[in-house]
Amino acid sequence: MAAEAGSGGVVKHILLARFKEDVAPERLDQLIRGYAGLVDLVPSMKAFHWGTDVSIENMHQGFTHVFESTFESTEGVKEYIEHPAHVEFANEFLPVLEKTLIIDYKPTIVNNS
């Protein structure tokens, strides 16, 4: 079940975030709205979802928020990363993070039949 070769196909961009303790809730809300707003500004960004950790396993290592963006290809992720709206947002978002982890992956469907 190896991942498909090439750059086509849906790509999920996952960002796990641990925010600095001094970030006010109002500022955090503003940043999340800004992140969600990128879907309307960056053509290659097709969808955006976010949430906070609700796991009972307590294995989050301090990461409290997850942000998931969907793109049609790895080229779409590249376009997003270089897009002026994303660059401007990242310059506001990254300084309030204590730690982050970013992973891009192509979802694989498992066929058990």
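In which strand is the place of Phe19? Please describe that residue closely and then connect it to the rest of the chain.

A: Phe19 has its place in strand β1, which covers residues 8-19. Strands here are DSSP runs of E with at least two residues, helices are runs of H or I with at least four, and both are numbered from the N terminus. The model is a predicted one, in which local features need pLDDT of at least 70 and side-chain atom pairs count only at pLDDT 80 or more, while totals for chains, interfaces and linings use all residues. Residues are numbered from 1 along each chain as its sequence is written, and side-chain values use heavy atoms, with hydrogens and water left out.

Phe19 counts as buried because its relative accessibility is 11%; buried means under 20% relative accessible area, exposed means over 50%, and partly exposed lies in between, with a 1.4 Å probe and protein chains only. Contact means heavy atoms within 4.5 Å. Leaving aside neighbours within four places in sequence, Phe19 is in contact with Leu28, Thr64, His65, Phe67, Phe93, Val96, Leu97 and Glu98. By contrast, 30 Å separates the C-alpha atoms of Phe19 and Thr108, which are 89 residues apart along the chain.

One of the contacts of Phe19 is Leu97, and strand β4 covers residues 97-105. Tyr105 is also found in β4. With a relative accessibility of 36%, Tyr105 counts as partly exposed. Not counting residues up to four places away in sequence, Tyr105 touches Val10, Val11, Lys12, Ile14 and Glu68. From Tyr105 to Val10 the C-alpha distance is 8.5 Å, although the two are 95 residues apart in sequence.

Phe19 also touches His65 and Phe67, and strand β3 spans residues 65-73. The loop between β2 (45-52) and β3 holds Asn58, and Gln61 is found in that loop as well. Asn58 has a phi near 55°, a positive value in a residue other than glycine. Gln61, likewise not a glycine, has a positive phi of about 55°. Asn58 counts as exposed at 59% relative accessibility, and Gln61 counts as exposed at 62%.

Helix α3 comprises residues 84-93 and helix α2 residues 74-82; they pack at an angle of about 60°, with their axes 5 Å apart. Axes are lines fitted to C-alpha atoms, for helices over the stretch in contact, and angles run from 0 to 180 degrees between N-to-C directions. The two helices are therefore oblique to each other: angles under 35 degrees count as roughly parallel, over 145 as roughly antiparallel, 65 to 115 as roughly perpendicular and the rest as oblique. Tyr80, Ile81 and Glu82 in α2 meet Pro84, His86 and Val87 in α3.

For the chain as a whole, there are three helices and four strands, in the order β-α-β-β-α-α-β from the N terminus on. Of the 113 residues, 33% are buried. Among contacts with a separation of 6 or more, 79% are made by residues 24 or more positions apart.
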